[in-house]
Amino acid sequence: MALNQNVLVSDSFQQASRVANDPSALINIYNTALTINPWLENSTRIDAFSRVLQALDAQKIAVIMDNHVSKAQWCCNDTDGNGWWNTASGYTDANSRFFDTPNWLKGLAAIADFTKSHSNVVGMSLRNELRASGGQDENNHADWYNFVSQGADAVHNTNGDLLVIIGGPVSATDLSFLRFDPLSGASSSWAGKTVWEWHNYYWSWAVASSVCWVFDQIAGERVGFLLEQNQAFTGPLWLSEFGAEQVLNDPGNILGEAEQKLEQAWLPCMVSYLESNDGDWALWSVGGSYYLREGSTSSDESYGLLDPTWTDWRNSTFKNALGNIFQMTQTP
């Protein structure tokens with residue numbers, strides 16, 4: 001979308017229908033959307049995106065843009081071709097074939113420019129869950145430092161008002177190396193604009209996630225230290241993605257019984273850590289379904305707070321477990 005902004009929404013649905021298990025169902029979704037939003041008929045993708053941003057702005061909701069994937073598809077694994085820059089050392093086709101570095105930089109600049117007309121966009125995340133595989137990232141993170149700095153420059157030099165949001169190279173779970181080798185640009189050209197991000201799920205740190213004192217120790221070593229004041233690495237810390245199956249006994253739950261127990265043990269540790277530290281957080285996810293996911297239309301998001309119809313909150317054990325850090329109105 002970043003480099004092909006003028007493609008019509010209708011053409012996007014037609015293209016997507018070619019990989020849908022039920023093409024007619026996807027076209028029916030578009031027709032339903034068109035009935036409710038007649039302006040879609042001649043709208044480009046970027047026009048539709050602007051409408052979303054305007055609607056959020058009307059509700060006084062700030063927005064962070066996320067460069068998620070280069071080739072649109074469900075994310076993430078080490079064979080989806082979106083994980084690591086294709087010009088970095090140790091090229092692996094399975095992990096990098098779609099991650100075109102020059103186009104990534106052009107795309108960041110294009111979207112940063114687009115955000116100038118949307119004042120409620122306050123920041124841009126450079127890339128979702130960077131992840132090396134094979135022989136990648138075996139040079140003391142030199143490629144990460146290099147390309148993250150280039151990406152931050154692309155954003156900041158285009159729109160200096162934006163926060164520059166940066167995650168680590170292990171699916172955004174580890175920035176521990178910054179303690180000993182801070183990212184130099186974070187204290188120079190984008191001084192005061194850097195935000196560190198991390199992700200966490202029950203599987204992120206394996207069994208340690210369900211033993212709270214161990215979880216606290218690992219979290220502090222890998223990301224929490226970034227909140228220490230007056231250090232070269234100091235910056236705001238944002239847990240930009242965490243979540244869990246919303247209804248553990250739902251027949252659609254993808255977790256087995258053992259995994260459910262791990263998730264239930266991890267969640268109190270995660271919530272306690274958030275309550276005890278001056279970091280911010282975002283939940284995966286609010287939305288209850290997708291137009292198209294891995295070939296399936298109207299695919300349920302089992303991590304979504306909203307039900308698949310987007311008309312009501314799920315009866316969520318997860319929502320209740322969030323306690324003091326999470327308060328939400330009961331009307332979607």
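How many Å should the residues of helix H2 (residues 23-36) span, and how far apart are its end C-alpha atoms? Select the helix and check: at 1.5 Å a residue, the 14 residues of H2 should span 20 Å, and the end C-alpha atoms are 21 Å apart, which agrees. The expected span here is 1.5 Å times one less than the number of residues. Helices (H or I, at least four residues) and strands (E, at least two) are DSSP runs, numbered from the N terminus.

Before moving on, some housekeeping. Residues are numbered from 1 along each chain as its sequence is written, and side-chain values use heavy atoms, with hydrogens and water left out. This is a predicted model, where local features need pLDDT of at least 70 and side-chain atom pairs count only at pLDDT 80 or more, while totals for chains, interfaces and linings use all residues.

**Stop 1: one side of H2**

Stay on H2 and show Ala25, Leu26, Ile29, Tyr30 and Ala33, which are buried. Buried means under 20% relative accessible area, exposed over 50%, and partly exposed in between (1.4 Å probe, protein chains only). Look down the axis: these residues cover an arc of only 145°, which puts them on the same side of H2. The arc is taken from the directions from the helix axis to the C-beta atoms. An α-helix has 3.6 residues a turn, so residues three or four places apart point the same way.

**Stop 2: the sheet**

Now colour the strands. Six of them make an open sheet in the order S1-S2-S3-S4-S5-S6, with parallel pairing. Two strands pair if DSSP finds at least two bridges between them. Strand S1 (63-66) and strand S6 (280-283) are the edges, each pairing on one side only. Neighbouring strands are turned by 30° against each other on average, direction ignored; the axes are lines fitted to C-alpha atoms (for helices over the stretch in contact), with angles running from 0 to 180 degrees between N-to-C directions.

Zoom in on S1. Four bridges pair S1 with strand S2 (residues 121-125) in the parallel sense. Ile64 stands opposite Gly123, and Met65 has Met124 as its bridge partner. Which residues are on the covered face of S1, and which on the uncovered one? Val63 and Met65 are on the covered face, Ile64 and Asp66 on the uncovered one.

**Stop 3: rings**

Show the aromatic side chains. The whole structure holds 22 aromatic pairs, where rings of Phe, Tyr and Trp (its six-membered ring) pair if their centres lie within 6.5 Å; planes under 30 degrees apart count as stacked, over 60 as edge-to-face and the rest as tilted.

Pick Trp144 and Phe177: the ring centres are 5.1 Å apart and the planes at 85°, so this pair is edge-to-face. Trp144 sits in helix H6 (residues 142-158) and Phe177 in the loop between strand S3 (163-167) and strand S4 (194-200), 33 residues apart. Trp144 is buried at 0% relative accessibility, and Phe177 is buried at 13%.

Next, select Phe242 and Trp281, an edge-to-face pair at 5.9 Å centre to centre with 85° between the planes. Phe242 belongs to strand S5 (residues 237-242) and Trp281 to strand S6, so the pair ties together parts 39 residues apart in sequence. Buried or partly exposed? Phe242 is buried at 0%, while Trp281 is partly exposed at 27%.

**Stop 4: charges over rings**

Go to Lys71, which lies over the face of Phe98, 5.4 Å from the ring centre. Then go to Arg293, over the face of Trp74 at 3.5 Å from the ring centre. A charge counts as over a ring if NZ of Lys or CZ of Arg is within 6 Å of the ring centre and within 35 degrees of the ring normal.

Arg293 also has Ser296 in S8 as its bridge partner. Strand S7 (residues 289-293) and strand S8 (residues 296-300) run antiparallel, joined by four bridges. They form a hairpin with two residues between them, and Glu294 in the turn has a positive phi of about 50°.

**Stop 5**

Most residues other than glycine have a negative phi, and most peptide bonds are trans. Select Cys75 and Cys76: the peptide bond between them is cis, with omega near 20°. The bond from Trp284 to Ser285 is cis too, with omega near 5°, and Ser285 lies in the loop between S6 and S7.

Finish at Lys60, in the loop between helix H3 (45-58) and S1. Lys60 has a positive phi of about 60° and is exposed at 77% relative accessibility.
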